Amino acid sequence: MAAPRLTELEDEAWQGFLYTHDRLWKGIEAGLDPLNVSMAEYSVLALLGRAGRQGMRMSDLAKQRLMSTGGFTRLADRLERRGLIARNQAVEDKRGFVAVLTPKGRTLLRKAWSQQHADLRRLFFDRLDDDDLHHLVRIWARLRPDEDPQSR
């Protein structure tokens with residue numbers, strides 16, 4: 001029995017995605033390295049930065065990071081030990097916790113955002129035109145888990 005294989009076009013598209021993902025990831029990671037911030041840490045700090053001063057529930061952060069609760073708790077522990085986030089009991093239900101950026105976390109995030117912006121320009125956006133970006137936006141929307149492939 002032969003194993004299923006991708007077509008040549010499918011393989012080229014898939015390999016291109018993997019190569020581009022790795023190249024972008026490594027380039028952005030290298031830019032964050034002098035700030036002593038991992039990509040996982042940065043993504044949490046960035047989510048909290050977008051959430052504003054009210055912060056986000058820990059469970060929502062874990063879900064958006066596609067992490068298990070335990071794995072996310074360990075990551076949050078590291079960020080808290082470094083003084084970048086604080087965890088407060090949720091006002092609504094007293095069972096959950098809300099993570100917020102500390103002043104030190106906001107300062108680090110501003111530096112990381114500035115670095116990431118420069119890296120994204122150099123590695124990604126400066127190489128694409130608006131048509132390319134519109135195509136990517138459409139493609140990413142079609143690949144969302146909640147998108148019904150039959151509705152195309």
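**View 1. Asn36, an exposed loop residue.** At 55% relative accessibility, Asn36 counts as exposed; exposed means over 50% relative accessible area, buried under 20%, and partly exposed in between, with a 1.4 Å probe and protein chains only. Asn36 sits in the loop between H1 and H2. Helices (H or I, at least four residues) and strands (E, at least two) are DSSP runs, numbered from the N terminus. Phi of Asn36 is near 60°, a positive value in a residue other than glycine. The model is predicted: local features need pLDDT of at least 70, side-chain atom pairs count only at pLDDT 80 or more, and totals for chains, interfaces and linings use all residues. Residues are numbered from 1 along each chain as its sequence is written, and side-chain values use heavy atoms, with hydrogens and water left out.

**View 2. Leu32, a buried residue of helix H1.** Leu32 belongs to helix H1. Its relative accessible area is 1%, so Leu32 is buried. Neighbours within four places in sequence set aside, Leu32 is in contact with Val37, Met39, Tyr42, Ala112 and Gln115. Contact means heavy atoms within 4.5 Å. Lys111 is 79 residues from Leu32 in sequence, yet the two lie 9.1 Å apart in space, C-alpha to C-alpha.

**View 3. Gln116, a buried residue of helix H5.** Gln116 is placed in helix H5. Is Gln116 buried or exposed? Gln116 counts as buried, because its relative accessibility is 17%. Residues up to four places away in sequence are not counted here; beyond them, Gln116 touches Ile28 and Tyr42.

View 4. Rolling a probe the size of a water molecule over the atoms shows where empty space is left. The largest pocket holds about 1300 Å³ of space. On a 1 Å grid over the protein atoms alone, a pocket is an open set of points where a 1.4 Å probe fits, with protein on both sides within 12 Å along at least five of seven lines. Grid points are joined across faces, edges and corners, and the volume is the space filled by probe spheres set on the points. The lining of the largest pocket has 30 residues; a lining residue has an atom within 4 Å of a point. Phe17, His21, Leu24, Phe124 and Trp140 lie nearest the centre of the pocket.

**View 5. Where the pocket lining comes from.** Four helices each supply at least two lining residues: H1 (8-32), H2 (39-51), H5 (103-123) and H6 (130-142). Which helix gives the largest share of the lining? H1 does, with 10 residues. By class, the lining has 20 nonpolar, 6 polar and 4 charged residues. Ala, Val, Leu, Ile, Met, Phe, Trp, Tyr, Cys and Pro count as nonpolar, Asp, Glu, Lys and Arg as charged, and the others, Gly among them, as polar.

**View 6. The open sheet.** The sheet is open and has 3 strands, in the order S1-S3-S2, with antiparallel pairing. Strand S1 (56-57) and strand S2 (85-89) stand at the edges; each has a single partner strand, so one side of each is left without a neighbour in the sheet. Helix H2 packs on the sheet and touches S1, S2 and S3. The direction of H2 makes about 90° with that of S3; axes are lines fitted to C-alpha atoms, for helices over the stretch in contact, and angles run from 0 to 180 degrees between N-to-C directions. Two strands pair if DSSP finds at least two bridges between them. S2 and S3 are joined by 5 bridges and run antiparallel. Gln89 stands opposite Phe97 in S3.

**View 7. Strand S3 and Ala99.** S3 is largely enclosed by the rest of the structure, because 4 of its 5 residues are buried. Ala99 is found in strand S3. With a relative accessible area of 0%, Ala99 is buried. Its contacts, leaving aside neighbours within four places in sequence, are Leu48, Gly55, Met56, Met58, Leu61, Ile85, Ala86 and Arg87. Arg122 is 23 residues from Ala99 along the chain, and their C-alpha atoms are separated by 32 Å.

**View 8. Arg57 and the pairing of S1 with S3.** S1 is joined by 2 bridges to strand S3 (residues 97-101), and the two run antiparallel. Met56 has Ala99 as its bridge partner in S3. Arg57 has Val98. Arg57 lies in strand S1 and, at 24% relative accessibility, counts as partly exposed.
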